[in-house]
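Here is a short tour of a protein model, written for someone who likes to know the cut-offs behind each term. Have the viewer open and follow along.

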Amino acid sequence: MKYFSLFILIFLFSYSCKNHDPVLEKNNPKKITTPIKGFKLTLGKPDLKSKFEDDTWSIWGGSMVKGSDGLYHMFYSRWEKALGWAWVTDSEIAHAVSKSPFGPFKFKDVALPARGDNFWDGLCTHNPTIHKFDKKYYLYYMGNTGDAKTPTSPGNQILNPVHRNNQRIGVAVADSPYGPWKRFDTPLIDISPNKNALDALMVSNPSITQRPEGGYLMVYKAVGKEKSGIWGGPVVHCVATSDHPTGPFKKYDKPIFQAKGHEFPAEDPFIWYQEGKYRAIVKDMHGAFTDAGRSLVLFESEDGLDWKLSDHPLVSALEINWTNGYKQNVHHLERPQLFIENGKPIALLCAADIKDDENVIQSFNVQIPILD
């Protein structure tokens, strides 16, 4: 009899394991499930005061740091709305201040203005990411120069290829978020002289974090010359490391955030180190990494060189859920930048836009709370 009872127990255990269905468990709140391990970012709902916009200026890509004055300092890209979508030729990096990381923010000054077409970053500064390392502030950005022609206009988005291909990565240094900012006469990350290099044509969109063992890790966007034509290609993301925040940086000849069957899958990574791993929020360009389509997704890495999709990859679809109950669908949600305080992400800053009936882009920045 005891052998028969033992057989029944083994059979029931085997049947239970065989019919374990995580989908059914997910849809059945009464069923006890095994928690899925993995880091996750959960977004809260921003208040309307967290929407940073301007009637005269197009606003794009804010990045935030807390100053010794107790205020929150946002550095962002802006250009005159009357010019159209002229970020690649006419952008400048400006500075706004708030008593709260969630705003409202008020314009303070222009941190990195145009300084002449003879400088590598003389006509355009764009896509800032701000950090405080030790006692200094480091403002990383894309800069370019060119023919100073602005072919775009409101409702008609045209990119100037000269300025686009002259994009380089730089850093400005200051003792205070109010400046003055020391800029350099040469880029921090320049294109590689080898015509077969991943970054032979242009480099932009830097993101940087301190390494736990010391030094700094940078991820940046690059375009090569493998493809013919003025725009080049492929468009990839590369890694570089340095002992100091101002370089020199060692480049690694291996693209990251790749997806089979997708030529340009990722854009705008923000990297940081938390809970024993490097992490990155990345714009999914075409739905290469989840079923959500164009969205923000999460990657992770043990060493900063080899990256994989996280267990809970989706950070946000192209929508903003405001505290007033309005769910706003946006045309773009990109340039993710985390504000991290005491080792924890507090806010996700994103650039967003919508298009009006005349195809004119209306852009703004938003600070979205991160839930525990």
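Is T129 buried or exposed? With a relative accessible area of 1%, T129 is buried, where buried means under 20% relative accessible area, exposed over 50% and partly exposed in between, using a 1.4 Å probe and protein chains only.

Before going further, a word on the ground rules. This is a predicted model, in which local features need pLDDT of at least 70 and side-chain atom pairs count only at pLDDT 80 or more, while totals for chains, interfaces and linings use all residues. Residues are numbered from 1 along each chain as its sequence is written, and side-chain values use heavy atoms, with hydrogens and water left out.

## Around T129

T129 sits in strand β7, which covers residues 124-133; helices (H or I, at least four residues) and strands (E, at least two) are DSSP runs numbered from the N terminus. Its side chain makes a polar contact with the side chain of H131 at 3.5 Å. Such a contact is a pair of N or O atoms within 3.5 Å; within protein, one must be able to donate a hydrogen and the other to accept it, and residues adjacent in sequence count only if both atoms are side-chain atoms. Leaving aside residues up to four places away in sequence, T129 touches S63, Y138, L139, Y140, P206, S207, F270 and Q337, with contact meaning heavy atoms within 4.5 Å.

## Strand β22 and its partners

Strand β22 spans residues 361-371, and nine of its eleven residues are buried, so this strand is largely enclosed by the rest of the structure. Strands count as paired if DSSP finds at least two bridges between them. Strand β21 (residues 344-355) runs antiparallel to β22 and is joined to it by nine bridges; A352 has F364 in β22 as its bridge partner. Five residues lie between the two strands of this hairpin, and N359 takes a positive phi near 70° there.

Two other strands also pair with β22. Strand β1 (residues 42-43) is antiparallel to β22 and connected by two bridges, with T42 opposite L371. Strand β2 (residues 51-52) is likewise antiparallel to β22, through two bridges, and F52 stands opposite N365.

## Salt bridges

Side chains of opposite charge can pair when their charged atoms come close. Searching the whole structure gives 19 salt bridges, each being a side-chain nitrogen of Lys or Arg within 4 Å of a carboxyl oxygen of Asp or Glu. Here are some of them:

| Pair | N to O distance |
|---|---|
| D190 and R168 | 2.9 Å |
| D268 and R335 | 3.2 Å |
| R279 and E300 | 3.4 Å |

D190 is partly exposed at a relative accessible area of 35%, whereas R168 counts as buried at 12%.

The salt bridge of D268 and R335 links strand β14 (residues 266-274), which holds D268, to strand β20 (residues 332-341), which holds R335, across 67 residues. Both D268 and R335 are buried.

For the salt bridge of R279 and E300, the distant parts are strand β15 (residues 277-284) with R279 and strand β16 (residues 295-301) with E300, 21 residues apart. Both R279 and E300 are buried. Salt bridges with shared partners join K277, R279, E300, E302 and K308 into one network.
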